[in-house]
Amino acid sequence: MKTIIEVKNLVKNYKSKRAVDGLSFDVMEGEILGLLGPNGSGKTTTMNCILALLKFDEGKIKIFGKEMAPDAYDIKSKIGVVFQDVAVFDELTVQGNIDYFCGLYIQDKNTRAEYVEDALKLVGLEENKTQYPKQLSGGLLRRLNIACGIAHKPKLIFLDEPTVAVDPQSRNNILEGIKKLRDDGATIIYTTHYMEEVEILCDRVIILDKGKIIASGTNDELKSLAKIEEKVTVEIPEMNPKQIGALEQIKNVSAVSYENGVLKLVYNRGKNNLADMIKYLDDNKIQYNKIFAERPTLNDVFLELTGKELRD
Amino acid sequence: MFWHSFKYAFSTLIKNRALMFWTLIFPFALALMFNLAFMRLHDYDVFEPFEVAVVNDAGYDKAEIFKEAFKALSEGDERLFNTQYVSKERASELLENEEIEGFVYIADDEPHIQVKKNGSNQTVLATAVEQIMQSSQIIEDIATQKLSESPMAYLNAEQIYQNAVATVAEAEPNVKDDSRVMNMVVIEFYTLIAMSCMQGAMLSSEMIDRALPKNSHRGKRIAVAPTRKSVVVASNLLASYSILLVGVLALIAFMRFVLGVEFGANLGLICAHAAAGSLAATMLGMFLSIALKTNSGAKNIIVIIITMVGCLFAGMFGGQKGWFDSMMPFINKISPVGLITDGYYALYYYEDLGRYWMNLGGLLIISAVFLILSIRGLRRQRYDSI
Ligand SMILES: Nc1ncnc2c1ncn2[C@@H]1O[C@H](COP(=O)(O)OP(=O)(O)OP(=O)(O)O)[C@@H](O)[C@H]1O
Ligand SMILES: [Mg+2]
């Protein structure tokens, strides 16, 4: 696998505020790399540094094996960017907007017309192509924003929180579209603070906090970092404090809570966790209804690594 | 690439209702309003009847047609003259004391006028007398050919009046003080053209905002595309400049041909001045867009202040231009509004083009200065923050 982007020791300060603090990572050809981090963790800043929009204090950035620079037009022509904020012309139709931005990359009119159609199809805006941005719902507007950034069929795509404030239908459409771009051969850097998206979409994830990488790897690799093995929820109509205390003594249990008829147990790594619990409930003649078991999420990983929630 | 960018810059700008209203509609509406306001001023000020005298000697007694006609012009609410009938000596005395603007006497069966200075009132008097002479000619012809029973019926006082008024309106004021009111009115129209040119600063700052990543999200898109920023900037500027120039030239045509505002005859320079004024405003807008960090209202406020202060000093709100020129001469020499206004003023009032070239040169210098100040900002490629 080829390395598409190499970032070495990137440091970026805004005046005295350090926004990116010594980042190093590679992006491999054909993968969807997730940049996951809470608000203000430096995701957008990192992206803008890679794109040579921002000056940075230290570090080296190579894209397609060459040093990235503002006038590296050959590199830029192979990149597509969807910024965090919607950037379209209210005076142009959906089609006009895509054609304008695509035209900054593709000169040939016929090729461009084809590409615009493809982009409309990818984001599902064929029906809306003669509408103006003001007439689109928030979700459709986001889709247009994406179409404008990727219509020229770039090899490398940056997406900065493209699903913020989007309805579930548009979100699914967007995530499907991104997968399709990857399947068509693009390499994608996907920035978000929604861990669910990262879990569905990304081949590899980098978790950022305060401008630093606190963990990276595939979803499974990251989850294996978590000390917890699973979280179990049991509906129990009645329990007394003594029984709850007893549960805490069971092997591997790291936390117990009981509230409104719902018992929550967090287990550390170990074998037969669920079986041991059920045995205890049966032995003590405690009635129970439903049992759910969940694997740890990236949020749990983040919580363990930083002591705070990924999302507020 | 340039034309792709130009095409979209042009079509998006032309569809921007707010900007197009201020550029293409508002100045016309204002011109119409000015026109209405000054038409009233006209009626009121210029055609206030003024004092004249007629020498009532023997010659006068014989000139029957003249007698009738002049009497008609000296009677009623719409009269041109407040006429005294006096001896020639008395008339000369009155003129000497400036109690009358001029007097008429008949010698060799023809009316002659005597005035002390040249001015619009004197022009009115001369025109009226000339009109009367022409009319008498017609009447005499009719009388000798016995075409009508009552030749005097052909003496049309209304016609004479109209012609005299029209003549004043068209009178070539060779000397500045010649027609004070006219003078003020054209200046106000010229400041309106200047104001309309200044709108170009709003257009160009909008267009530059679009192209720069620090000013707009769309600018970020352009910054990451493999298109040179200079190409996008140049095409955007050309789009805003061409729309502006069409608007300004249309406004001038509207003033000249519909409202009858005088510009002098030098069509080429009239257009060149509009082009230079629009250029200066366009470059100012670019500079503001680059110098100020955000795409905020601050830019528009600065443009409005520069425009309105310029208009004040150039005489939009009354004919104080001369006063400002003498009190604070530098303002009108560095304000684009002042330079545009004074350029048109010079083209209209002066045969010699020296003063005009100074104004044109001033506008070109302003354009060059803002262009040079902008280039540094345009060449910046990476930002400390965006
Ligand atoms: N132009 C700026 N000037 C000063 N500080 C800035 C600027 N832009 C960002 N920062 C700061 O730098 C840090 C990183 O910001 P950045 O926008 O990169 O975070 P992010 O991870 O993209 O956040 P979000 O999820 O909110 O988009 C934040 O603390 C932010 O306050
Ligand atoms: Mg961000």
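Visitor: How much area do chain A and chain B bury between them?

Guide: About 3200 Å², with 60% of it on carbon and sulfur atoms. Buried area here is the accessible area (1.4 Å probe) that two parts lose on being put together, summed over both. In chain A, L53(A), E91(A) and L104(A) supply 21% of the area buried against chain B, more than any other three residues. Keep in mind that this is a predicted model, where local features need pLDDT of at least 70, side-chain atom pairs count only at pLDDT 80 or more, and totals for chains, interfaces and linings use all residues. Residues are numbered from 1 along each chain as its sequence is written, chains are lettered from A and ligands numbered from 1 in the order in which they are written, and side-chain values use heavy atoms, with hydrogens and water left out.

Visitor: How many residues does each chain bring to the contact?

Guide: Contact means heavy atoms within 4.5 Å. Chain A brings 38 residues and chain B brings 28.

Visitor: How many salt bridges cross the interface of chain A and chain B?

Guide: A salt bridge is a side-chain nitrogen of Lys or Arg within 4 Å of a carboxyl oxygen of Asp or Glu. The rule finds one across this interface. K55(A) and D384(B) also meet in a salt bridge through their side chains, at 3.5 Å from N to O.

Visitor: Which elements of chain A touch chain B?

Guide: Elements are DSSP runs, numbered from the N terminus: helices (H or I, at least four residues) and strands (E, at least two). Those giving two or more residues to this side of chain A are β1 (3-14), α1 (43-50), α2 (73-76), α3 (94-103) and α5 (138-150). The largest share, five residues, comes from α3(A).

Visitor: Where does ligand 1 lie, and which residues come nearest?

Guide: Ligand 1 lies between chains A and B. A residue is near a molecule if one of its heavy atoms lies within 4 Å of it. Of the 15 residues around ligand 1, K17(A), K43(A), T44(A), T45(A) and E161(A) come nearest. The largest share of this shell, three residues, comes from α1(A).

Visitor: Which atoms should I look at around the ligand's oxygens?

Guide: The side chain of N39(A) has an N or O atom 3.0 Å from an oxygen atom of ligand 1. S41(A) places a polar backbone atom 3.2 Å from a ligand oxygen, and G42(A) has a backbone N or O atom at 3.0 Å from one. The protein covers 69% of the 630 Å² of accessible area that ligand 1 has on its own; such areas come from the Shrake-Rupley method with a 1.4 Å probe, and for residues only the protein chains shown count as cover.

Visitor: What joins E161(A) and K43(A)?

Guide: Their side chains meet in a salt bridge, 3.5 Å from N to O. E161(A) lies in the loop between β7 (156-160) and α6 (168-183) of chain A and K43(A) in helix α1 of chain A, so the pair ties together parts 118 residues apart in sequence.

Technical notes:
Polar contact = N/O pair within 3.5 Å; in protein donor to acceptor, adjacent residues only side chain to side chain.
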